[in-house]
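Subject: Structure handover

Hi,

Here is the structure I promised to pass on to you. Have a look at it first, and then read on for what turned up.

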Amino acid sequence: MRPSYIINNWEMIKNMTLNIRAIGIVASLVIAWCLKHYWCTDCISLDRDSIFQSCQSDGKQADLGRQQEDQDTGSTTKTAMVGVSYSRMAAQAAFRAVILGAPGSGKGTISARIVKQFDVKHISSGDKLRYHIANQTDLGKKVKKYLDSGMLVPDETMIALISEEIKTLEGRNWLLDGFPRTVPQAEILESIHPISLVISLIVPDSVILERVKNRWTHLPSGRVYNIGFNDPKVPGKDDVTGESLCQRPDDQPEIVQRRLDEYLTKTKSVIDYYQKRGLLREFTGVSTNELWPKIQECIMPLL
């Protein structure tokens, strides 16, 4: 016959074992619930000076997670694997941005700085259209017909162009310049490639009109230089290729003023669209050097 103290200790050990098992089961359920509800939130949005980011899945990843768990409610492992998958998907596209700004506001210069510092791929819709037209691709021929007839390039054509370009990036971070220009384009883009940030440059018209007088362009690449604050290393020559720079015919003051008015009219609805979605950040200034530190501060937490 066992001594009573041994029996008591044995009962205590059994009770402790059962308690540990119960705690393990509860912990597993808590972890599964957390993975289900918090692994990929629909958005992360703090105050104006804090990290500001939209979840690229736009809630679709969370729905997939719920469907996965419904298929096998008791499988914590599957839920965890789904959560890790979502995390990787978000990391692959942590920075999907659009830059907006009137002609002459410094979009090209700001974009170049973002590309250089943050290793972001710059996608300029204007550059891509010019490339296809110059190389007489099938898309370029279609676009030229629209432009020659004074018509806007259809939304579906622009979406196809941008989507094809984004596919070639294979998950790299990117910055869209010159697109979208209409709310329908913005809505289609959001459904295919959800945006995480929209940068809007606000520069007074008077500053822009003065600036374009001194603007020189490398037409093949679209690189822009402004005498006085973004000079080429060699006067009249492109920094990269050494080729000659020129002034575009549409940089005449009266033409620029008309383009500024058109930009305000056409882009206001797009700006309102992104503002309502909580993605818009506006930066006001009279020079690139004034705007850049604020933009830099906004982007750094996202990358």
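A salt bridge here is a side-chain nitrogen of Lys or Arg within 4 Å of a carboxyl oxygen of Asp or Glu. Please keep in mind that this is a predicted model. By that definition, Lys-128 and Glu-165 form a salt bridge, their closest N and O atoms lying 3.2 Å apart. The two partners come from distant parts of the chain, with Lys-128 in helix α5 and Glu-165 in helix α7, 37 residues apart. Glu-165 is buried, because its relative accessible area is 18% and the cut-off for buried is under 20%. Lys-128, at 22%, is therefore partly exposed.

The axes of α5 (residues 125-134) and α7 (residues 155-167) come within 11 Å of each other and cross at roughly 100°. Angles of 65 to 115 degrees count as roughly perpendicular, so that is how α5 and α7 are placed relative to each other. On the α5 side the contact involves Ser-125, Lys-128, Leu-129 and His-132, and on the α7 side Met-158, Leu-161, Ile-162 and Glu-165.

How many does the structure hold? There are eight salt bridges, and I will pick out two besides the one above.

Glu-190 and Arg-277 meet through their side chains at 3.2 Å, N to O. This pair, too, links distant parts of the chain: Glu-190 sits in helix α8 (residues 183-192), while Arg-277 is in the loop between α10 (253-276) and β9 (280-284), 87 residues apart.

Glu-210 counts as partly exposed because its relative accessibility is 46%. Lys-213 is also partly exposed, at 48%.

You will find Ala-102 in the loop between β3 (96-101) and α4 (107-118). Its relative accessible area is 10%, so Ala-102 is buried. Which residues does Ala-102 touch, leaving aside its neighbours within four places in sequence? The contacts are Ile-208, Leu-260 and Tyr-263. With Ile-208, the separation is 106 residues in sequence but 8.6 Å in space, C-alpha to C-alpha.

A word on cysteines: the structure holds zero disulfides. Cys-298 is buried, since its relative accessible area is 11%. Cys-246 has a relative accessibility of 27% and therefore counts as partly exposed.

Finally, the chain as a whole. There are eleven helices and nine strands in the chain. Of its 303 residues, 37% count as buried. Taking contacts between residues at least 6 apart in sequence, 70% join residues at least 24 apart.

Methods:
Residues numbered from 1 in each chain as written. Predicted model: local features only at pLDDT ≥ 70, side-chain atom pairs only at ≥ 80, totals over all residues. Heavy atoms only, no water. Axes fitted to C-alpha atoms, helices over the stretch in contact; angles between N-to-C directions. Helix = DSSP H or I, 4+ residues; strand = E, 2+ residues; numbered from the N terminus. Parallel < 35°, antiparallel > 145°, perpendicular 65-115°, else oblique. Contact = heavy atoms within 4.5 Å. Disulfide = S-S within 2.5 Å. Buried < 20%, exposed > 50% of the residue type's maximum accessible area, 1.4 Å probe, protein only.
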